[in-house]
Amino acid sequence: MSLRRYFGLLGFLFVAVPVLAWQPASAASRVALVIGNSEYRNVPQLANPDNDAAAFARIMKQAGFDVVEARHDLTGADMRRALRDFGDKARNADMAVIYYAGHGIEVEGTNYLIPVDAALQRDTDVYDEAVSLDRVLVAVESAKQLRLVILDACRDNPFSKTMKKVGMRSVGRGLAKVEPTSPNTLIAYAAKAGSTAADGDSKNSPFTDALVRHIATPGLDVRKAFGFVRDDVLKLTNNRQEPYVYGSLGGEDVPLVPLKAAPAAPVADARADVRRDYELSLQLGTRAAWDTFLKSYPTGFYADLAKGQLDKIAAEDARLAATAKARETAEEKTRLAAEGAKQGEMAKAAAAAKGAEDARIAAEQAKRIKQAKVDAAEQAREAAERAAGAPDSKATADLAMQARSPSRADAPSSASVPTSPRTPAQQQTASLSPAEPVAQPALSAIAINKSVQIELRRVGCFNGSADGEWGKASRLALENFNRHADAKLDVKVASLDALGIIKGKTARVCPLICRHGYTADGDACAKITCGEGKVLNDDNECVARKERKAPSASRERDDRRPRRAGRGRLDDELAAPTAAAPSLRSRASARPEQGGIVCDDRTCRQIKRGCRIEFRTTAQGGGILGGGSNVEICN
């Protein structure tokens, strides 16, 4: 390093270090010194000054002052040192406030604050033992915007009885009137010059009690705050004590606590309503919900997403239809083979089965393609909303659901609500709110019931029709879901919570249970067909047919007993497992069974002595699956 650069760096340090050292002293903008003198040594102690000073210091801290120096029971030397140190803190501050509670005295027109160690045996001792008000004003004179001195010291002079007069000096009652010479300076007295202030009967003096209520009101000009203090003190003292303020300020308001600026109003998101309604429709996930959404928002970004969701639903419907057709053609082919159909019929059935299977595969592929497109579009939407600072989609949808009370069962259907044409601007800002009847169907209880029924049927827990009526069969289906999915959903009503949990199951939940004569084949029950010379036994097995013997008396009695559901020609009377069970006539026996087995959806057991078996439909109390079952009846 060259000598020139060395001396240059050294000179910079000599300049920078003092500047940096000075920064903390000028950083504060509002400072306060609070003094409370109660424990006087040579005169009776005062009850309130300590409490008054603590209350004022607390309100200054709550007001956010940068420095609040609280001191109690100061001697003369301590008071002068506190004023000197505070003068350093107040240098270049915006506001400087000094509050004093204790004894004060006026001698020859000059006001003095009395420390706790003052004796004042003669009137001239005030010059040595007390602190003049002029010294207090010097401590705040560096403040730029407001210099405020508050004196709760206008009490009777306790030294007057023992103080000796030297010369012709006058000692006044209370404090003398004062006119500040520095600008932007206010001096507040607890009582007007020449009068005294009361300590009051409470914890704080009437003056300080009113002061802490008004002085730190945000945005309130300090002069108006002292006006409110004056009104309160006059009222509390029955007009015996009137606070007074000396000095003046400029024309602008000078609040001790500035009023916080109101936060800027958020910029309204033009697409907030349509985004929220899209989330509602996405949560329902039904064709009716998307149709309703598109009626309100026929064009735009979210309309394109909604159309993609409808395409996905249509692809799923096509897949289900193709799967059902493939299953029917396969069953028909099996039946013809079992019955020994002709070669031509078999070839025709095989061709139909192959065509149906090809259609099913194509539908599966189409459904996967639509699903992939919808997933990609949803990812792009969420990324765009995150980039735009949109709120969390799920939280927005949940809040909107709660605000709109979707549990009303009397909501009108979409078919019965007329819709009026919308302008492009209305299409962008309209909302599916309760005030718009067009949005109600997507949120009605019927739509929720139907959606839950569809999802329960998808996971194999419901085989009824999705009619939107939440009856006994629907409640039993949801109860069955709870049992196999280890859930605890309320089965009394269908809810959006239940819908979300059921939709989260991607595979079958409830096991497939087929009635007698049928066997599980994937997600469907296929009818068991026995070959020639064989019959189906109670265990769903094909066994050799036994030769029929001549009926005996006991056989005739057995014929009158009810046969197990699904045997003989009863198989042809029962509908497929997924269809609603038809109403069947009762096949109960008038005579009690002397033995036999009865089965429910879970297990089989021996019937009790004296009881009988009757077949009951689901509506009559029989089993859920298959539309009914045998039940045990005991008199």
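**Strands, helices and cores**

Strand 16 (residues 611-617) pairs with strand 17 in the antiparallel sense, over seven bridges. Strands here are DSSP runs of E of at least two residues, helices are runs of H or I of at least four, and both are numbered from the N terminus. Two strands count as paired if DSSP finds at least two bridges between them. This is a predicted model, in which local features need pLDDT of at least 70 and side-chain atom pairs count only at pLDDT 80 or more, while totals for chains, interfaces and linings use all residues. Residues are numbered from 1 along each chain as its sequence is written, and side-chain values use heavy atoms, leaving out hydrogens and water.

Stay with strand 17. Cysteine 634 in strand 17 is the bridge partner of cysteine 611. Six of the seven residues of strand 17 (residues 628-634) are buried, so this strand is largely enclosed by the rest of the structure. Buried means under 20% relative accessible area, exposed over 50%, and partly exposed in between (1.4 Å probe, protein chains only).

Axes are lines fitted to C-alpha atoms, for helices over the stretch in contact, and angles run from 0 to 180 degrees between N-to-C directions.

Within this sheet, strand 3 (residues 95-101) and strand 7 (residues 146-152) pair in the parallel sense over seven bridges. Alanine 96 stands opposite arginine 147 in strand 7. Contact means heavy atoms within 4.5 Å.

What about the interior? The largest nonpolar core has 82 residues, and Phe56, Ile150 and Ile215 have the most contacts inside it. Strand 3 gives the most to this core, with seven residues. A nonpolar core is a set of buried Ala, Val, Leu, Ile, Met, Phe, Trp, Tyr and Cys residues joined through side-chain atoms within 4.5 Å. A second, separate core of 23 residues includes Val452 and Phe481.

Phe56 also sits in a helix contact. Asp52, Ala55, Phe56 and Ile59 in helix 2 meet Thr208, Leu211 and Val212 in helix 6. Helix 2 (residues 49-62) and helix 6 (residues 206-214) pack at about 5 degrees, with axes 10 Å apart.
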